[in-house]
Amino acid sequence: MKILVCISKAPDTTSKIAFTNNNTAFDENGVQYIVNPYDEWYALVRALEIKETVGADVTIITVGPAADEAIMRKALAIGADEAVRIDAEPTDAFFVANEIAAYANEKGFDLVLTGKETINFNGSQIGGMIAEGIKAPYVSIASKLDVNGASLKLEREIIGGVEQVEVPFPVVVSCAKGMAEQRIPNMRGIMAARTKPLTVLSPKGNESLTAYVAYASPQAKSSVKLIDANNLDELISLLHNEAKVI
Amino acid sequence: MGNIVYINANGHLGKAAFEAVTYAKKLGGTVKVLATGSLESSSLGQLGKYGANEVLVNRGIIGNDDQEICAWISQECSGAENIVFSNDFHAKAIAPRLSVRLKAGLIAGAVALPEADGSVKVNVFSGKAFGYVQCKTAQRIIALLPNSIAPEETDSDSAYKKLIHRDKLLQLK
């Protein structure tokens, strides 16, 4: 079985989120990048578990500049067999997904795994776009995945319950919490990652359809409002109109 | 201007469906709802109160097959400027596919109506900031984050008069 795991970089969860260039770009000063947690903890680790149980070749892929190779080496240290970097700025989800789909179409993977979203853009777009690009079924936000011969058995949480799905290969799956547990790379893995193949490919020249034109920070939290215990009307009004929770 | 709203009508119509129709109505122009699922047409008629001009139900699509639903929406949305979803797990499966199929920009997780420059506010960095996304395409897909805008009933009498119910069976490849 051939598995492709899509990897994205994301700012460390403890990073200060600030913007520069008149709030049109993310301020990367002092920011340490990590493998997007959904890509690493769930998609990559589940791929490695499949490799260990039924056998598979696990390739990781990212669209990004050379600086992204540090996070790719970490993914290789966790256990991926080889890495592919499409040498381009990831301008939007459409661009990234089409570049990955073009590679997947050339190489013919049985299973393409992504995280359910990145923690910086929270778009949940890449998996569905790749699925359309390679004309494969797509199961979004799956929390359980088992190989069942020539098909996959999956579970995903839906409103009011859990949906069980069985799909034939090839298939694209976005992975959510519950799929696997985080793995820490060991010293042997870190040493081996240095010599594992990392191929750099030129982009196919796909276009982007969207652009972030500005960013803004949320308003600072206001102070606590104390409402008189006898003034229920005002409390209800604030909860309804201001907090919008009822 | 024409707007399309996709509603998954298996079970009951939730608040998110009314929010999506309200949002589409506020974008301006007509609102045509495309629905799949088993919900009765009379229940779907409630969407007229929130600004739907037309509701088109495809009874041929029974389950949640996003490929099938995407194929149907792409057939029905020519000429529509905006295609609006509620950003639930259906939208997360269908909208990206539709974006590739139509080559229409996708704005996922919108939390407000478009700004004057056409950009749409979305949550980024896991809610630690907002981003403003602009589409480079004439047709755009907007997945509205639930609870971002309040559902608003329009002049219900006039909306109902304009509402057309059509149950339609389609055979899709």
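**Entry 1: where the chains touch**

I began with the interface in this predicted model. I found 32 residues of chain B in contact with 30 residues of chain A. Next I looked up which elements of chain B give two or more residues to that side: helix H3 (66-76), H4, strand S5 (105-110), strand S6 (120-124) and strand S7 (129-135). H4(B) gives the most, with eight residues. Sorted by class, the side of chain B that touches chain A has 14 nonpolar, 11 polar and seven charged residues.

**Entry 2: a helix against a helix**

I then followed H4(B) across to chain A. Helix H4 of chain B (residues 89-102) packs against helix H4 of chain A (residues 126-134), with axes 7 Å apart and an angle of about 50 degrees. Angles between 35 and 65 degrees count as oblique, so H4(A) and H4(B) are oblique to each other. I noted that their crossing is right-handed. Among the residues making the contact are Gly128(A) and Met129(A) of H4(A), and Pro96(B) and Val100(B) of H4(B). By class, the contact residues divide into five nonpolar, three polar and four charged.

**Entry 3: a strand beside a strand**

My next stop was S7(B). Strand S14 of chain A (residues 210-216) is joined to S7(B) by six bridges, and the two run antiparallel.

**Entry 4: chain B by itself**

Last, I looked at chain B as a whole. I listed five helices and nine strands, in the order β-α-β-α-β-α-β-α-β-β-β-β-α-β from the N terminus. Chain B has 173 residues, and 49% of them count as buried. Of its contacts with a separation of 6 or more, 71% come from residues 24 or more positions apart.

Definitions and conventions. Residues numbered from 1 in each chain as written. Chains lettered and ligands numbered in written order. Predicted model: local features only at pLDDT ≥ 70, side-chain atom pairs only at ≥ 80, totals over all residues. Helix = DSSP H or I, 4+ residues; strand = E, 2+ residues; numbered from the N terminus. Buried ≥ 20, exposed ≤ 12 C-beta atoms within 10 Å, placed from the backbone. Contact = placed C-beta atoms within 7 Å. Axes fitted to C-alpha atoms, helices over the stretch in contact; angles between N-to-C directions. Parallel < 35°, antiparallel > 145°, perpendicular 65-115°, else oblique. Left-handed = near helix turned anticlockwise from the far one by under 90°. Nonpolar A, V, L, I, M, F, W, Y, C, P; charged D, E, K, R; others polar. Pairing = 2+ DSSP bridges.
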